[in-house]
Amino acid sequence: MHDLSGLEEAQKVLAAQPFSALLGARLVAFGDGAATLELDIREELRQQYGFVHGGVLSYAADNALTFAAGSAAGGGVITAGFTIDYLRPAQGAVLRAHAEVVRAGRTRVVCRCDLTTVGEDGTEALCAVAQGTVSVIGRPA
């Protein structure tokens, strides 16, 4: 991840990720140790029962955790690992991953993330939670 000093710069980093572009992800909030990533739920992102595939939820958690860490560390971060717990099937119009820094150290940043779905009527439902550790690899030149 590149040096991140604001939402516009972070959105450029996201846009440069081919997989994020494929999924149609967008960064809607970034800064002060937090980040929110959203993507529209469409048919191609579902599994055989009609729910959002767990891999899509994991992607959203991974990226939101890392962007939140990058907002605290100033960029130059990469995921070291994360866990995710699926609480209920994800259904709705939008998937939202909101991550916040729990503790920012010199070489590691610990973050947590709530994944919610937003229905057509605006109703939100918590569908998964994640926690991760992000390594600070240094600010790019």
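**Contacts and the nonpolar core**

Analyst: Setting aside neighbours within four places in sequence, Cys113 is in contact with Ala61, Ala64, Leu65, Ala97, His98, Ala99, Ala128, Val129 and Ala130; contact means heavy atoms within 4.5 Å. This is a predicted model, in which local features need pLDDT of at least 70 and side-chain atom pairs count only at pLDDT 80 or more, while totals for chains, interfaces and linings use all residues. Residues are numbered from 1 along each chain as its sequence is written, and side-chain values use heavy atoms, with hydrogens and water left out.

User: Which residues touch the most other members of the largest nonpolar core?

Analyst: A nonpolar core is a set of buried Ala, Val, Leu, Ile, Met, Phe, Trp, Tyr and Cys residues joined through side-chain atoms within 4.5 Å. Here the largest has 38 residues, and Cys113 and Leu115 touch the most other members. Elements that each supply at least two residues include α1 (7-15), α3 (54-73) and β5 (108-118). The largest share, 11 residues, comes from α3. Helices (H or I, at least four residues) and strands (E, at least two) are DSSP runs, numbered from the N terminus.

User: Is Ala128 buried or exposed?

Analyst: Buried means under 20% relative accessible area, exposed over 50%, and partly exposed in between (1.4 Å probe, protein chains only). Ala128 has a relative accessible area of 0%, so Ala128 is buried. Ala128 lies in strand β6. Between Ala128 and Cys113 there are 15 residues in sequence and 8.4 Å in space, C-alpha to C-alpha.
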